[in-house]
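Visitor: I would like to learn how to read a protein model step by step. Please take one feature at a time.

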Amino acid sequence: MHIFGKILGAFFGLLFGGPLGLLFGLFIGHQFDKARRLRQAGFSAGGFGSGPSQAQRQEEFFKAAFSVMGHVAKSKGQVTKEEIQLASAMMDRMNLHGEHRRAAQDAFRDGKESHFPLEDVLERVKISTAGRYDLLQFFLELQISAAFADGEIHPSERNVLHKIARGLGFSSEQLERRLHMQEAAFRFQSQGGFHGHQGQHHSSGGGWQQASQADQLADAYKILGVAADADSKTVKRAHRKLMNEHHPDKLMAKGLPPEMMNMAKEKSQEIQNAYDLIKKVKGFK
């Protein structure tokens with residue numbers, strides 16, 4: 001635990017300022033300890049007021065994303081070879097090579113450390129994004145997508161995801177809604193919904209069975225976050241809202257790291273394909 005700063009601050013605060021000095025010293029010591037934790041995790045300890053550049057904010061977002069992924073993976077105990085491969089697959093989806101890939105790998109390893117300062121890192125994410133809702137949402141959805149890469153969410157992963165959501169300012173209800181949407185997206189993709197045709201998915205009996213259009217349609221509605229009996233106006237409104245929040249160019253303009261552009265494109269394509277399927281089946285104009 002990092003309490004050296006608090007102890008030192010409290011001592012000198014009490015010595016020179018009495019009870020009020022004690023409180024002030026504890027506050028200063030807390031800031032010192034937090035800065036140490038962030039530096040050990042590979043992050044800048046400076047505040048937003050210190051004027052980081054756009055590139056520096058993007059770098060912090062990038063590091064935080066992969067370190068938090070490592071923390072989520074570690075929540076189940078020992079990080080398995082399969083989980084490392086899933087993290088590598090995520091890097092492949094971002095076309096990370098050379099220095100950028102090594103930076104992602106280093107951040108992922110940092111997140112697996114027992115002393116990883118999750119709350120402090122999430123606070124830095126909020127600062128580096130200036131609290132922009134769509135960037136924070138992208139960060140959370142990235143963690144959900146990584147956790148869901150093996151097709152399921154482990155209870156310990158779910159618990160950590162709830163901590164991440166709270167740290168970013170999202171409610172438990174908002175997280176659960178996104179988990180349901182991601183689960184639907186995973187099925188939609190595996191069933192071939194991204195290509196507008198019937199696909200296959202794994203059955204409980206160990207074989208493969210043809211996915212019905214009804215299954216794909218149900219998941220398409222869930223991806224858009226609307227009820228299966230929603231009218232065309234509701235569906236269009238949901239589609240427009242989600243596309244506006246996940247538009248790659250808009251996210252880039254607000255500070256999304258360029259390395260994550262492909263992930264943003266995948267997400268927007270997922271939303272568009274779900275909408276296209278609903279329009280096709282329901283005959284919406």
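Visitor: How many helices and strands does the secondary structure of the chain come to?

Guide: This is a predicted model. Its chain comes to 12 helices and 2 strands. Along the sequence the pattern is α-α-α-α-α-α-α-α-β-β-α-α-α-α.

Visitor: What percentage of the residues in the chain is buried?

Guide: Buried means under 20% relative accessible area. Of the 285 residues in the chain, 46% are buried. The chain exposes about 14700 Å², with carbon and sulfur atoms supplying 55% of that area.

Visitor: Among contacts between residues at least 6 apart in sequence, what percentage joins residues at least 24 apart?

Guide: For this chain the figure is 68%.

Visitor: Which residues in α7 are buried?

Guide: They are S156, E157, V160, L161, H162, I164, A165 and L168. Their cover includes α2 (54-74), α5 (118-128), α6 (133-147) and α8 (172-190). Just after α7 comes G169, with a positive phi of about 100 degrees.

Visitor: Next, aromatic rings. How many aromatic pairs are there?

Guide: Two rings count as a pair if their centres lie within 6.5 Å, and planes over 60 degrees apart make the pair edge-to-face. The count here is 4 aromatic pairs. One of them, F61 with F139, is edge-to-face, at 5.4 Å centre to centre and 85 degrees between the planes. F61 belongs to helix α2 and F139 to helix α6, 78 residues apart, and the pair links these distant parts of the chain.

Visitor: Is F61 buried or exposed, and what about F139?

Guide: F61 has a relative accessible area of 1%, so F61 is buried. F139 is at 0% and also counts as buried.

Visitor: Why is the pair of F148 and F186 tilted?

Guide: Planes under 30 degrees apart would be stacked and planes over 60 edge-to-face, with the rest tilted. The planes of F148 and F186 stand at 50 degrees, with ring centres 5.5 Å apart, so this pair is tilted. F148 sits in the loop between α6 and α7 and F186 in helix α8, so the pair ties together parts 38 residues apart in sequence. F148 is buried at 6% relative accessible area, whereas F186 is partly exposed at 30%.

Conventions. Residues numbered from 1 in each chain as written. Predicted model: local features only at pLDDT ≥ 70, side-chain atom pairs only at ≥ 80, totals over all residues. Heavy atoms only, no water. Helix = DSSP H or I, 4+ residues; strand = E, 2+ residues; numbered from the N terminus. Buried < 20%, exposed > 50% of the residue type's maximum accessible area, 1.4 Å probe, protein only. Contact = heavy atoms within 4.5 Å. Areas by Shrake-Rupley, 256 points an atom, 1.4 Å probe, with all protein chains shown as cover. Phe/Tyr/Trp six-rings, centres within 6.5 Å; stacked < 30°, edge-to-face > 60°.
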